[in-house]
Amino acid sequence: MSEKQALLATLEGVGQLEDETLELAETALILSALDNPKLVLDPYRQHLKNMAVEAANIGCDIERLEARVTFINRLLFETHGYVGDTEDYDNPNNANLLHVIDNRAGLPVSIGILYIHCARAAQYDIAGLAFPGHFLLRMSAGAERTILDPFHAGQTLGAGHLRDLLKQFMGADAELAPRHHAPVGNRDILLRLVNNVKSRALRDNNATRAVQLLERMVLFAPKTADVWQELGVLSAHSGKLRQAIHALETFLGFDVPDHEKRAAETLLKQIKTSMN
């Protein structure tokens, strides 16, 4: 088995885990390593372990929410020097955790994964949020909670900040709603991470790369219907017809809206007809 095959097998194993048992940062490393499968991961795993130990040794004795946020901010952004990459934001490597660790800079979601890694090591209650356009975090302690921006050094965001940020990404008429700050699971965070790279590949008309990324996504998130749907459509357009058939048939096994079901059935029929 090659290094890449071993990584893909590991990723497939992740797909069988319950979401809460999935190791977020480790899985992000595996996803990143697929683009450089001969790279030795031990130094990166050691870095993650070192940060986790630092967080646990000191952070577990901190009780107040504000002090917890300050502690993780100092650990990640001052001690280890991480920043949001404002100079080369659209570089797809900013969603590659290996590159992010090497360069100490990345996207909101990649920096957010490291923030979650440290906070959970200190046994803090933290979650990623379903905020559109810009990945945010929510940390809680008892009845208190606060929303944080990992891209801007863990800045605390109030309702006014959130409304402004939403309008920036969704338009002037957008209104803040509970769904925008709903917590998301580990797989959703990883899907968001890979989607950043996939969307850039599609923008560059690189369908081959986009299909490759979707193939990885269905391994660790096999119960996510829209990933199978997109894999089916893009595989069909890329000439990978057998993969398209499998992906679309898998998609149709989910409870999906009628109009999406009809579209998938039509495409599936067209593919099968073309193969006769």
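This briefing covers the sheet, the helix packing, the nonpolar cores and some single residues of the structure above.

The model is predicted: local features need pLDDT of at least 70, side-chain atom pairs count only at pLDDT 80 or more, and totals for chains, interfaces and linings use all residues. Residues are numbered from 1 along each chain as its sequence is written, and side-chain values use heavy atoms, with hydrogens and water left out. Helices (H or I, at least four residues) and strands (E, at least two) are DSSP runs, numbered from the N terminus. An open sheet of five strands is present, in the order 6-5-4-3-7 and with antiparallel pairing. The largest nonpolar core has 79 residues.

**Sheet**

- Two strands count as paired if DSSP finds at least two bridges between them.
- Strand 6 (155-157) and strand 7 (183-184) stand at the edges with a single partner strand each, so one side of each has no neighbour in the sheet.
- Strand 3 (residues 125-129) pairs with strand 4 (residues 137-141) in the antiparallel sense, over four bridges.
- In this pairing Gly128 has Leu137 as its bridge partner, and Ala127 stands opposite Arg138.
- Strand 4 is joined to strand 5 by five bridges, and the two run antiparallel.
- Leu137 also has a bridge partner in strand 5, namely Leu148.
- Three bridges join strand 5 to strand 6, again antiparallel, with Ile147 opposite Leu157 of strand 6.

**Burial of strand 4**

- Five of the five residues of strand 4 are buried, where buried means under 20% relative accessible area, exposed over 50%, and partly exposed in between (1.4 Å probe, protein chains only).
- Both faces of the strand are covered: Leu137, Met139 and Ala141 are buried on one side, and Arg138 and Ser140 on the other.

**Turns and positive phi**

- Strand 4 and strand 5 form a hairpin with two residues between them, and Gly142 in the turn has a positive phi of about 65°.
- The hairpin of strand 5 and strand 6 has five residues between the strands, and Ala153 there takes a positive phi near 60°.
- Ala153 is partly exposed, at 42% relative accessibility.
- Gln123, a residue other than glycine, likewise has a positive phi, near 65°.
- Gln123 is in the loop between helix 6 and strand 3 and is exposed, with a relative accessible area of 69%.

**Helix packing**

- Two packed helices are described by the angle between their axes and the distance between the axes.
- Axes are lines fitted to C-alpha atoms, for helices over the stretch in contact, and angles run from 0 to 180 degrees between N-to-C directions.
- The axes of helix 1 (residues 3-14) and helix 2 (residues 24-33) come within 10 Å and cross at roughly 145°.
- This crossing is left-handed, a term for a near helix turned anticlockwise from the far one by less than a right angle.
- The contact (heavy atoms within 4.5 Å) is made by Leu7, Thr10, Leu11 and Val14 of helix 1 and by Thr27, Ile30, Leu31 and Ala33 of helix 2.
- These residues divide into six nonpolar, two polar and no charged; Ala, Val, Leu, Ile, Met, Phe, Trp, Tyr, Cys and Pro count as nonpolar, Asp, Glu, Lys and Arg as charged, and the others, Gly among them, as polar.
- Helix 7 (residues 159-170) lies across strand 5 (144-149) and strand 6, running at about 90° to strand 6.

**Nonpolar cores**

- A nonpolar core is a set of buried Ala, Val, Leu, Ile, Met, Phe, Trp, Tyr and Cys residues joined through side-chain atoms within 4.5 Å.
- In the largest core, the residues with the most contacts inside it are Leu76, Tyr82, Tyr115, Met139 and Phe220.
- Helix 6 (residues 108-121) gives the most to this core, with eight residues.
- A second, separate core has nine residues, including Leu129, Leu136, Ile147 and Ala174.

**Ile116**

- Ile116 lies in helix 6 and is buried, with a relative accessible area of 1%.
- Leaving aside neighbours within four places in sequence, Ile116 is in contact with Leu24, Ile126, Gly128, Phe135, Leu137 and Ile189.
- Ile116 and Ala25 are 91 residues apart along the chain, and their C-alpha atoms are separated by 8.5 Å.
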